[in-house]
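Here is a friendly walk through one protein model. Have the sequence and the 3D view open side by side as you read.

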Amino acid sequence: MFFRAELLLRAGVALVSERALPDTRPALLSESGSVGLPALVAHGNERTKTRFREFFGANIRNPNTRAAYMRATGQFLTWCAQDGARQLAEITPMGVAAYIEQHPGSDATKKQHLAALRSLFDWLVLGQVIETNPAAPVRGPRVQYTKGKTPVLQAEEARDLFAHIPTGGVVSLRDRALLGVLLYSFARVSAALSMDVGDYFRVGKRRRIRLHEKGGKHHEVPAHHVVEEYLDDYLAALRSGRDGQVVEKAPLFRSARGRTGQLTPNRLTRNDALHMIRRRAKAAGLSDKISPHSLRATGITIYRANGGTLEKAQKIAAHADPKTTRLYDRSNDPLTLDEIERIVL
């Protein structure tokens, strides 16, 4: 059975969907009932439902990947049901291609959604739920970047950002310490937020930071002397307050308890970290587009501008490929602009 979107694509008509993609986040880990499952899965047999839940609950370990793939597959399956599909077996490569073609997201988002669909359908094929993977032959958009899109701070802007953070309370000290780890250690925000108190430790006379990277890997870097100061001040305030026990296995960066100026025993989330950084950037008169990645890119750019090598920057950032490090490095941007300004009429 071909549903409407597929027929349009076969006819060569440019498909532009007027409705927004649904923000579907199915409750996949429930062991009973079909509440929260996409309709095409909920209407299937128990093997289909179980295999679908297992893809997210047992097959994907990274929580960020799990959340992204849940959103991508949920949107796609809901879209298919709205376009006339009644069961998973009716989904064909042309249907997947039509969905990718009309998707309103960026090319990178389209590639991520296609990767999620390929992985899900591979899992269902192995579980003998469907016979073939309809996403396997579909080609996504080609994405090739020579420079990242993440906004980067100039050195003076970074100094302003830290200068506008007050140091009179434990929440402000937490914010300053987290920003310091992101900038001076080139850390991913998830790796920094996964740190426990014991991941800031002493080796000889100096401190080190243990970051929790993807795939369960631990990446250790020396703590910059500025980061040492920020973390020591934060931990001193944490130990002297009423914000929970400061033990080795306790979360290092904790969420705030409303506007009380106190911290909870719970770990700070990525979304809360993003909102905090943008709030601090706004207070310093900086762009509201700043993100945790901006601090990482700023650190790499300043390091390279001061003579640091690409190879060492790659090692500090724990990048598997130097091409990734180059995306963060904007140290050549001012030089490029100077050269362009030589074109004078």
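The second largest pocket is lined by 17 residues, and those nearest its centre are Leu183, Tyr184, His224, Gly299 and Ile302. Helix H7 (155–163), helix H8 (170–184), strand S3 (218–222) and helix H12 (292–305) are the elements that each give two or more residues to this lining. H7 gives the most, with four residues. Twelve of the lining residues are nonpolar, four are polar and one is charged. The space in this pocket comes to about 410 Å³.

On a 1 Å grid over the protein atoms alone, a pocket is an open set of points where a 1.4 Å probe fits, with protein on both sides within 12 Å along at least five of seven lines; lining residues have an atom within 4 Å of a point. Its volume is the space filled by probe spheres set on the points, which are joined across faces, edges and corners. Helices (H or I, at least four residues) and strands (E, at least two) are DSSP runs numbered from the N terminus. Ala, Val, Leu, Ile, Met, Phe, Trp, Tyr, Cys and Pro count as nonpolar, Asp, Glu, Lys and Arg as charged, and the others, Gly among them, as polar.

This is a predicted model, in which local features need pLDDT of at least 70 and side-chain atom pairs count only at pLDDT 80 or more, while totals for chains, interfaces and linings use all residues. Residues are numbered from 1 along each chain as its sequence is written, and side-chain values use heavy atoms, with hydrogens and water left out.

Buried means under 20% relative accessible area (1.4 Å probe, protein chains only), and contact means heavy atoms within 4.5 Å. The contacts in the table leave aside neighbours within four places in sequence.

| Residue | Loop | Relative accessible area | Contacts |
|---|---|---|---|
| Arg188 | between H8 and helix H9 (189–193) | 14% | Leu182, His212, Glu213, Lys214, Arg296 |
| Asn133 | between H6 and H7 | 11% | Leu117, Arg118, Phe121, Asp122, Val125 |

Arg188 counts as buried, and Asn133 does too.

As for the whole chain, 15 helices and five strands are present. Of its 345 residues, 45% count as buried.

Methods:
Buried means under 20% relative accessible area, exposed over 50%, partly exposed in between (1.4 Å probe, protein chains only).
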